[in-house]
Amino acid sequence: MNKRDIEFEILRYNPETDEKPSFQTYRVPCQEDWVILDAINYVKDEIDRTLSYRWSCHMAVCGSCGMMINGEPTLSCKSFLRDHPDRIRIEPLSNFPIERDLITVMDDFMEKLGSVKPYIVPNEDRPVDEGEHRQTPAQLADFKQYTACINCLLCYAACPQYALNEDFVGPGALALAHRYNLDSRDVGREARADVVASNAGIWECSFVGACSQVCPHDVDPAGAIQQTKIASTVDYFKALLMPWRN
Amino acid sequence: MSRRPYVREVSRSWWWLNQRRYVGYMIRELSCVFIGAYTAVIVVSLMRLSQGQAAYEGFLDALWGPVGLAFHIVAFVFALYHTTTWFNVTPKAMPLRLGERRVPGGAIIGAHYAGWLAVSAVVLFLAGD
Amino acid sequence: MARSHKPVVWSLFAGGGTFAAFVTPVMIFVTGLAVPLGLLSPETLAYDQMLAWVQNPAGKGLIFMAVFLPLWHAAHRLRITVHDFGIRCDALVSVVCYGAAMSATVVAGVFLFGI
C-alpha cells in the first residue's frame with residue numbers, strides 16, 4: 001500500500017484560550033485508499049489529541065462529518081485523498097458559528113427545521129388497527145428523492161443567502177418541508193405555509209443552486225424550493241381570486 | 001466549561017468572488033441589466049415611431065451605429081446566457097413524471113431549445129418579408 | 001410569520017424570464033445585429049413597415065408583451081441583485097426598480113395604443 005505525506009492545514013479554535021481561530025498544520029503519512037476522515041482520525045490518534053470534530057458512520061449516511069475541504073462543503077468520510085493535492089485545508093462548515101475546532105453550532109438549523117413541521121400531518125387520527133397508510137409506487141416516487149436528506153448541512157454552508165440573511169429558513173429545511181408536502185399521507189401544506197411561504201422561507205431563495213451542487217445525496221433542495229415557489233404562487237392566487245374555496 | 005462560539009464574517013458585497021459558481025450566478029443575475037436596457041431601447045423606438053418618420057430614421061441611424069452595435073453584441077451574449085441558464089434549470093423547477101419515472105431533464109431542456117429555435121425561425125421569417 | 005406577497009412579483013418575474021428566454025435573443029438579432037452585419041436589409045425595420053406592425057391589434061398586443069414582461073423580469077432580478085451586492089434598502093430599491101418598469105410599460109402602452 002503506497003503512502004503519501006499530505007499536509008493538512010486545519011482551522012483550530014479553543015473558546016477557552018483563543019481570541020479567534022487560527023490554522024495549524026499537520027503532516028500525515030496517508031494510505032492511498034483513505035478518505036479525509038481517516039487522516040483526521042490519524043491526527044487525533046497519533047499527533048494531537050486535542051483536535052475536536054464530529055463523525056460517526058464513516059459511510060455518508062449519518063451527516064455528522066461535514067466540513068470545508070479546500071473551500072468546498074464536503075462529507076469528510078466521502079472525500080478520497082487520491083482526489084486531492086499534497087496540501088489540504090480543512091475548516092468547519094461555513095455559515096455556522098464555531099463551537100470548537102471543526103465543530104459548529106447547529107442550533108439555528110435545528111430551530112428552523114422544527115418550524116417547518118417535518119413530520120406527517122395526517123388528515124385524521126387513524127387507530128392502529130385500521131392498518132397502515134397505503135401508497136402506490138407512483139405516490140412514493142413523488143417525494144422519495146427528498147427523503148434522502150441526512151441533515152448534513154452542506155447545503156447551508158454553500159448557500160450565500162443563508163450566509164447573508166439571518167432569518168432564512170434554508171435549503172435543507174425547505175427541502176424537507178417539500179418532502180412532506182408531496183407525501184400523499186400528509187395534509188400539512190397549509191400549516192407549513194406560515195413559515196415556508198413567508199419572506200424568510202422560500203422567498204429568500206434566489207436560486208443560486210449551490211445547495212444542490214454540494215448535496216451528497218442528490219436531494220436537490222434548489223429544485224424543491226422552486227417547485228414550492230410555483231405551488232405557493234398558485235395557492236396565493238387561488239386564495240386571492242377565489243376566497244370562497246379552501 | 002464556558003462556550004464562546006466564534007462567528008466568521010462574510011463580506012456582504014464581495015462574497016461571490018470566493019467561488020466560481022458564485023461568479024457564474026452573478027453574471028446570470030446581471031444579464032437582467034442588459035435585457036432591461038434592450039427593452040428600454042424598444043420603448044424608445046416606439047416613442048420615435050410616434051414622432052414621425054424623420055425622428056424614427058434618426059433613431060435607426062443611432063441604433064445601427066458603432067455604439068449601438070457594440071451594445072447589441074453585448075446584450076445578445078447576455079440574452080443567450082439568460083436563455084441557457086433559464087432552460088437548464090427548468091427541469092428542476094417543473095419536474096415531469098410519467099407513471100413512476102421522471103422525464104429526463106435533458107428531454108425537457110431539449111424541448112425548450114426546440115421551441116426557442118421555432119420561435120426564432122418564425123420571427124426571422126416575419127422580419128424577412 | 002406572515003405569508004409573503006412575493007408571489008405577485010415573482011409570477012411576473014417567472015413569466016418575463018420565460019418570455020425573454022424564448023424571444024429576446026432573436027429580437028436583439030433582428031433589431032440590432034442583422035442590419036449592421038449585412039444579414040437583413042434595412043427595409044426590414046422601415047418606418048412604414050413598423051407603423052403597419054404597430055397599428056395592427058395583434059402587433060400591439062405582442063409588442064406590449066415584449067416590453068412589459070422582460071421589463072418586469074429585469075426589475076425584479078435587479079432588485080435581488082442589488083441586495084446580493086450588500087445594498088440593504090430593499091423598500092427604496094423596490095420602488096425604483098418596479099417603478100421604472102411600470103413607467104416604461106405605461107410609456108410604451110401610451111404610444112402603442114395611441115398610434
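Tutor: We begin with one side of a contact list: Tyr56(B) touches Arg48(B), Leu49(B) and Tyr47(C), leaving aside residues up to four places away in sequence. Two residues are in contact if their C-beta atoms, placed from the backbone, lie within 7 Å. This is a predicted model, in which local features need pLDDT of at least 70 and side-chain atom pairs count only at pLDDT 80 or more, while totals for chains, interfaces and linings use all residues. Residues are numbered from 1 along each chain as its sequence is written, and chains are lettered from A and ligands numbered from 1 in the order in which they are written.

Student: Is Tyr56(B) buried or exposed?

Tutor: A residue is buried if 20 or more other C-beta atoms lie within 10 Å of its own, exposed if 12 or fewer, and partly exposed in between. Tyr56(B) has 20 other C-beta atoms within 10 Å and is therefore buried. Tyr56(B) belongs to helix H2 (residues 53–63) of chain B; helices (H or I, at least four residues) and strands (E, at least two) are DSSP runs, numbered from the N terminus.

Student: How many residues does each chain give to the contact of chain C with chain B?

Tutor: The size of an interface is often given as the accessible area lost when the parts come together. Here residues are counted: 44 come from chain C and 43 from chain B. On the chain C side, H1(C) provides the largest share, 14 residues. That side divides into 34 nonpolar, eight polar and two charged residues, where Ala, Val, Leu, Ile, Met, Phe, Trp, Tyr, Cys and Pro count as nonpolar, Asp, Glu, Lys and Arg as charged, and the others, Gly among them, as polar.

Student: At what angle do helix H6 and helix H9 of chain A pack?

Tutor: Two packed helices are described by the angle between their axes and the distance between the axes. Helix H6 (residues 171–182) and helix H9 (residues 221–241) of chain A pack at about 60°, with axes 8 Å apart. Axes are lines fitted to C-alpha atoms, for helices over the stretch in contact, and angles run from 0 to 180 degrees between N-to-C directions.

Student: Why are H6(A) and H9(A) called oblique?

Tutor: Angles under 35 degrees count as roughly parallel, over 145 as roughly antiparallel, 65 to 115 as roughly perpendicular and the rest as oblique. H6(A) and H9(A) are therefore oblique to each other. By class, their contact has seven nonpolar, four polar and no charged residues.
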